[in-house]
Amino acid sequence: IPIPSNLVVMGTVNMDETTCTFSRKVLDRAMSFELNDVSDMYDIDTIDGEGDYEFGSIDKNAAKQSLITGKEACDTAKDLCGKVLEYLKAVNEKLDKTAFKIAYRSRNEIMIYCLERINEGVVSLAEALDEATSMKILSRIEGDSDKIGNLLEELEKTVSEQLKAISGKEYSEKKNDGEK
């Protein structure tokens, strides 16, 4: 059965301490978004009786991706894909000898994601890579300090250095205005 181009499949899943984690193979085939912002949870004026948050809607053009393969991404924007590949190489070097290294599928999806986000005119390459890192790399890392040691600290340093090199400015998860 052919899947039409106007069909977008989305789903939600609870991933807290009460659930089993997804395998890395499942996470490799998905883009995961964490919706953890509950900053107004304790503001009495924001209680709406429903327990839901208003996230808005997704524009149909934003949900439809125009690139399908990593090759198409590279043919479309070789210089940009080169920067993405340099970033991923540095990140993968930190993930070397772990079960968390990313492979071809994730590489291609990250290149496509970055191109799509930049083409929307919403974010810079550094911001797109930061988002992709959360969705495709950090979501795969699991375990306690015995299993992962200081991997996250080393990875944070590498990611910060790489994003700084790409953006030309200091880049960290916490921005100066308090936003993430």
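Modeller: Going from the N terminus, the elements follow the order α-α-α-α-α-α-α-α. That makes eight helices and zero strands, where both are DSSP runs numbered from the N terminus, helices being H or I of at least four residues and strands E of at least two. Please keep in mind that this is a predicted model, in which local features need pLDDT of at least 70 and side-chain atom pairs count only at pLDDT 80 or more, while totals for chains, interfaces and linings use all residues. Residues are numbered from 1 along each chain as its sequence is written, and side-chain values use heavy atoms, with hydrogens and water left out.

Now to the interior. Of the 180 residues in the protein, 26% are buried; buried means under 20% relative accessible area, exposed means over 50%, and partly exposed lies in between (1.4 Å probe, protein chains only). The largest nonpolar core has 31 residues. Such a core is a set of buried Ala, Val, Leu, Ile, Met, Phe, Trp, Tyr and Cys residues joined through side-chain atoms within 4.5 Å. The members that touch the most other members are V84, L95, I110, L129 and I137. At least two core residues come from each of α4 (78-94), α5 (104-119), α6 (125-137) and α8 (151-167), and α6 gives the most, with seven.

Apart from neighbours within four places in sequence, L95 is in contact (heavy atoms within 4.5 Å) with F100, K101, I137, I141, L151 and L155. Looking at contacts across the protein between residues at least 6 apart in sequence, 69% join residues at least 24 apart.

Helix α6 also holds a lysine worth a look, K136. Its relative accessible area is 0%, so K136 is buried. The side chain of K136 makes a polar contact of 2.6 Å with the side chain of E109. A polar contact is a pair of N or O atoms within 3.5 Å; within protein, one must be able to donate a hydrogen and the other to accept it, and residues adjacent in sequence count only if both atoms are side-chain atoms.

Then come the salt bridges, five in the structure, each a side-chain nitrogen of Lys or Arg within 4 Å of a carboxyl oxygen of Asp or Glu. One of them joins the side chains of E131 and R117 at 2.9 Å, N to O. Because E131 belongs to helix α6 and R117 to helix α5, this pair ties together parts that are 14 residues apart in sequence. R117 counts as buried at 16% relative accessibility, whereas E131 is partly exposed at 24%.

D96 is partly exposed at 38% relative accessibility, and K97 is exposed at 79%. A network of salt bridges links D96, K97 and K101, and K101 is also one of the residues in contact with L95.
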